[in-house]
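Subject: Structure handover

Hi,

Here is the structure I promised to pass on. My notes on it follow below.

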Amino acid sequence: MTTESKAPVSNDNTRPLSGPEMLERATEGFNLFQDGQFHESLGLFQHLASLDPSEAYFQTALGACHLALEDLDAAVACFNRAIELDPSDITPFVNRGEAFLRQGRVTDAAHDFQHAVSLDPEDKDPLSRRARMLAAAALESSDEGAEAEAPEDRS
């Protein structure tokens with residue numbers, strides 16, 4: 001997230017929020033999320049996203065809230081928007097991949113995890129490590145599903 005506000009925004013319609021104030025509110029939303037207060041975090045990030053719809057971080061945070069609340073379609077939509085806004089960020093790819101896994105969309109999940117890994121070829125970001133682990137799990141799940149569906153060889 002940038003510390004500069006891209007548009008004049010306000011929480012009380014009388015003065016714009018500065019970049020540092022937006023960052024402070026985003027930090028508050030992140031802390032609420034970390035504390036398991038997903039609905040509260042969601043509300044705060046919805047407000048921030050309405051104030052600055054071009055900030056990818058807000059869309060990613062909204063997606064994470066929806067994911068935590070098991071609203072998978074809304075989570076995917078938010079991650080899609082975050083990716084449109086910043087295709088170089090690993091986070092929405094990993095999180096969207098997790099949402100896809102929960103929806104049973106294993107191939108889509110694997111693609112997202114592989115893309116996340118490609119964004120960090122030096123394996124410095126902990127999220128790319130998570131993506132590697134989830135990709136392996138997705139492939140294993142996909143292999144098990146294919147084996148379960150394969151007809152028995154009765155020759």
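From the N terminus on, the elements run α-α-α-α-α-α-α. That makes seven helices and zero strands. Helices (H or I, at least four residues) and strands (E, at least two) are DSSP runs, numbered from the N terminus.

Two notes before the details. The model is predicted, so local features need pLDDT of at least 70 and side-chain atom pairs count only at pLDDT 80 or more, while totals for chains, interfaces and linings use all residues. Residues are numbered from 1 along each chain as its sequence is written, and side-chain values use heavy atoms, with hydrogens and water left out.

**The chain overall**

The chain has 155 residues, and 38% of them count as buried. Buried means under 20% relative accessible area, exposed means over 50%, and partly exposed is in between (1.4 Å probe, protein chains only). The accessible surface is about 8,800 Å², and 51% of that belongs to carbon and sulfur atoms. These areas come from the Shrake-Rupley method with a 1.4 Å probe; for residues, only the protein chains shown count as cover. Take the contacts between residues at least 6 apart in sequence: 44% of them join residues at least 24 apart. Contact means heavy atoms within 4.5 Å.

**The cores**

In soluble globular proteins, nonpolar side chains tend to be buried together. A nonpolar core here is a set of buried Ala, Val, Leu, Ile, Met, Phe, Trp, Tyr and Cys residues joined through side-chain atoms within 4.5 Å.

Which residues touch the most other members of the largest core? They are Leu-67, Val-94, Phe-113, Ala-116 and Ala-131, out of 18 residues in that core. Helix 4 (72–85), helix 5 (90–102), helix 6 (106–118) and helix 7 (126–149) each supply at least two of its residues. A second, separate core has 15 residues, including Ala-26, Leu-42, Ala-61 and Cys-65.

Look at Phe-113 on screen. Leaving aside neighbours within four places in sequence, Phe-113 is in contact with Val-94, Gly-97, Glu-98, Leu-101, Ala-131, Leu-134 and Ala-135.

**The largest pocket**

The largest pocket holds about 290 Å³ of space. The search used a 1 Å grid over the protein atoms alone; a pocket is an open set of points where a 1.4 Å probe fits, with protein on both sides within 12 Å along at least five of seven lines, and lining residues have an atom within 4 Å of a point. Grid points are joined across faces, edges and corners, and the volume is the space filled by probe spheres set on the points.

Of the 16 lining residues, Phe-30, Phe-33, Thr-60, Ala-64 and Asn-95 are the closest to the pocket's centre. Helix 1 (19–34), helix 2 (38–51), helix 3 (56–68) and helix 5 each supply at least two lining residues. Helix 3 gives the largest share, seven residues. By class, the lining has nine nonpolar, five polar and two charged residues. Ala, Val, Leu, Ile, Met, Phe, Trp, Tyr, Cys and Pro count as nonpolar, Asp, Glu, Lys and Arg as charged, and the others, Gly among them, as polar.

Most residues other than glycine have a negative phi. Glu-70 has a positive phi of about 65°. Glu-70 sits in the loop between helix 3 and helix 4. Asp-123 also has a positive phi, near 55°. Asp-123 lies in the loop between helix 6 and helix 7 and is partly exposed, at 28% relative accessible area.

Gln-103 is in the loop between helix 5 and helix 6. Its C-alpha is 7.3 Å from that of Leu-72, 31 residues away in sequence.

Glu-84 is in helix 4. Glu-84 counts as exposed, at 58% relative accessibility.

Best wishes
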